[in-house]
Amino acid sequence: MSVSRPAAVIVLAAGEGTRMKSRLPKVLHEICGRSMLGHVLAAAGELDPERTVVVVGHAREQVVQHLKDTAPAVGTAVQDEQNGTGHAVRMAVEALAAEGVALSGTVVLAYGDTPLLRGRTLADLVEAHESAGNAVTVLSARVPDPAGYGRVVRDPSGAFTAIVEHADATPEQRALDEINSGMYAFDGALLTSVVQRLSTDNAKGEEYITDAVAILRGDGHRVGAALAREWTEIQGVNDRVQLAEARRLLNDRLLTEHMRAGVTVVDPATTWVDAEVSIGRDTVVEPQTQLRGRTVIGEGALVGPCTQLTDTRVGDDAKVRHVVADSAEIAAGANVGPYAYLRPGASIGPRAKIGTFVEVKNSQIGEGSKVPHLTYVGDATIGVGANIGASSVFVNYDGVDKHRTTVGDHARTGSDNTFVAPVHIGDGAYTGAGTVVREDVPPGALAVSAGSQRNIEGWVRRKRPGTPAAEAAERAENTAERRGEDS
């Protein structure tokens with residue numbers, strides 16, 4: 001059967017997460033380029049629900065602002081006091097009712113600290129729920145160590161009968177390895193009613209959403225359980241150790257997807273990739289490489305080793321080695337590195353070369369142009385086929401304002417040049433080594449700023465007597481005199 005569009009997805013994200021020991025709310029901790037909450041919302045978004053509501057509580061200002069920045073269409077409900085999962089769901093249902101939303105259809109419940117959850121798993125849950133005509137369907141999983149989890153109990157035919165908490169379970173029930181994930185699909189109308197009937201008659205005095213299953217079953221409604229394909233998807237993250245474990249699992253999953261799509265990852269153990277990174281076929285990713293944010297890499301490229309790209313675009317067949325780049329563009333066939341730094345606004349043209357210890361910021365490097373060595377290019381436009389000599393500096397800041405330098409097509413600038421912006425180097429112009437360019441250079445002209453060289457004979461022996469330099473000079477002069485006598 002086809003899965004219907006859920007009436008709502010409710011995501012619980014109100015808890016403090018004290019075991020994280022952080023000023024940042026637990027659900028906002030980052031993993032593979034998104035917050036944990038962001039990963040859950042991405043999975044939920046694959047269902048295309050009519051409404052998505054996040055229940056916020058602890059540090060809710062930070063969570064609400066994060067949602068405004070990253071998922072502005074998502075609504076929120078406030079749980080001022082954390083009185084249990086059932087209470088949190090009731091806050092969401094009442095918030096929707098206050099907006100005039102009557103829940104008729106499937107409502108999915110998820111948690112904001114389960115970043116490994118997949119959209120397909122939620123879709124499987126909804127399909128199982130609707131095909132069976134259940135009032136509620138539990139998402140369950142078989143885990144290697146079920147200790148501490150509520151067990152899913154089934155009858156001899158395999159039909160779901162109950163959830164038994166670990167503390168209340170018999171030895172036979174504790175031997176079961178199928179657990180309750182805490183995620184559910186509900187009939188929306190029945191959920192609206194049942195959350196008003198949850199009791200606080202328990203050790204913690206809280207409303208538990210797990211009680212809804214027993215209430216609905218007691219009312220004669222069908223309840224069921226759907227088994228997740230991979231148990232790791234339902235893992236919650238409660239501390240930094242679990243965060244690192246989840247990051248490793250998610251990174252392995254992302255790299256596997258890229259490799260199966262035609263990307264070569266030489267060493268997955270040292271390669272890290274964010275969830276929104278795109279990599280084309282036949283690209284090779286070398287070890288110790290990090291691809292972050294919304295980086296896009298074309299086909300047939302070589303990236304790495306020891307490269308970090310953030311929100312950067314790399315064209316087909318480009319080579320990017322030992323490079324740090326942030327919000328940069330590298331066109332097809334370009335060659336960048338080793339040990340280059342591309343800052344925001346750097347745009348490297350087709351087949352251009354950015355070499356060793358070159359930094360580029362807010363600059364456009366034209367097709368086939370080369371900046372091979374030891375150079376800072378800031379706020380500049382370099383034309384087609386130009387060559388910038390080694391150890392050059394584009395002086396773009398006068399202490400108050402930034403200014404721009406333009407280098408024309410096929411210009412050749414000498415080593416150790418200083419371009420004091422704003423200045424324009426014309427097409428086909430040359431500059432001599434050591435030139436300080438303070439004025440525009442016309443097309444085809446040669447610019448030099450140094451005077452004629454003057455050699456002061458004997459200066460070292462007179463001014464630095466007794467030094468190794470003076471002794472070496474004296475030996476050389478004596479050798480030259482003897483050669484002259486012999487000739």
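This is a predicted model: local features need pLDDT of at least 70, side-chain atom pairs count only at pLDDT 80 or more; totals for chains, interfaces and linings use all residues.
**Entry 1: the binding-site residues**

I stayed with Tyr397. Its relative accessible area is 46%, so I wrote it down as partly exposed. I then checked the side chain of Tyr397 and found that one of its polar atoms lies 3.0 Å from the backbone oxygen of Gly399.

The record places a "binding site" feature at Ala390, Asn396, Tyr397, Ser415 and Ala433. I took Ala390 next. Ala390 sits in the loop between β31 (387-388) and β32 (393-395). Leaving out residues up to four places away in sequence, I listed what Ala390 touches: His373, Thr375, Ser415 and Asp416. Ser415 is also among the positions that the record gives for the binding site.

**Entry 2: the annotated domain**

The unreviewed UniProt entry also carries the annotation "domain: MobA-like NTP transferase", which covers residues 9-151. I looked at the make-up of this span and found 34% helix and 22% strand. The C-alpha atoms at the ends of residues 9-151 lie 24 Å apart.

Which residues of helix α2 (residues 60-70) are buried? I found Val63, His66 and Leu67. They cover an arc of only 100° around the axis, so they are on the same side of α2. I recalled the rule that an α-helix has 3.6 residues a turn, so residues three or four places apart point the same way. On the other side of α2 I found Glu61, Lys68 and Asp69, which are exposed.

I then asked what the buried residues of α2 pack against. The answer was β3 (34-35), α1 (36-45), β4 (52-56) and β5 (75-78).

I wrote down the buried residues of α1 as Met36, Leu37, His39, Val40, Leu41, Ala43 and Ala44.

**Entry 3: strand β27 and its partners**

I followed strand β27 (residues 353-361) and noted its pairings. With strand β24 (residues 335-336), β27 pairs in the parallel sense over two bridges. In this pairing, Asn335 stands opposite Lys353 in β27. Strand β25 (residues 340-342) also runs parallel to β27, and two bridges join them. Here the bridge partner of Tyr341 is Glu359 in β27.

How many bridges join β27 to strand β29 (residues 370-378)? I found seven, and the two strands run parallel. Val358 stands opposite Thr375 in β29. Thr375 was already in my notes as one of the residues that Ala390 touches.

**Entry 4: aromatic pairs**

I looked for aromatic pairs and the count came to three. In one of them, the rings of Tyr184 and Phe186 have their centres 5.5 Å apart and their planes at 40°, so I noted the pair as tilted. Both Tyr184 and Phe186 are buried.

Another pair is Phe394 with Phe419. The ring centres of Phe394 and Phe419 are 4.7 Å apart and the planes are at 35°, so this pair is tilted. Phe394 lies in strand β32 and Phe419 in strand β35 (residues 418-420), so the pair ties together parts that are 25 residues apart in sequence. I checked burial as well. Phe394 counts as buried at 1% relative accessibility, and Phe419 is buried with a relative accessible area of 0%.

**Entry 5: backbone details**

I found a cis peptide bond between Gly337 and Pro338, with omega about 0°. Pro338 is in the loop between β24 and β25. A cis peptide bond also joins Ala421 and Pro422, again with omega about 0°. Pro422 is in the loop between β35 and β36 (423-425).

Then I turned to phi angles. Asp311 has a phi near 50°, a positive value in a residue other than glycine. I located Asp311 in the loop between β19 (308-310) and β20 (313-314). At 37% relative accessibility, Asp311 counts as partly exposed.

The phi of Arg351 is near 60°, and this residue is likewise not a glycine. Is Arg351 buried or exposed? I found that Arg351 is exposed, with a relative accessible area of 51%. Arg351 is in the loop between β26 (347-348) and β27.

Key. Residues are numbered from 1 along each chain as its sequence is written. Side-chain values use heavy atoms; hydrogens and water are left out. UniProt positions are given in the numbering used here, feature names are shortened, and annotations may be inferred rather than shown by experiment. Helices (H or I, at least four residues) and strands (E, at least two) are DSSP runs, numbered from the N terminus. Contact means heavy atoms within 4.5 Å. Buried means under 20% relative accessible area, exposed over 50%, partly exposed in between (1.4 Å probe, protein chains only). A polar contact is a pair of N or O atoms within 3.5 Å; within protein, one must be able to donate a hydrogen and the other to accept it, and residues adjacent in sequence count only if both atoms are side-chain atoms. The arc is that of the directions from the helix axis to the C-beta atoms. Two strands pair if DSSP finds at least two bridges between them. Rings of Phe, Tyr and Trp (its six-membered ring) pair if their centres lie within 6.5 Å; planes under 30 degrees apart count as stacked, over 60 as edge-to-face and the rest as tilted.
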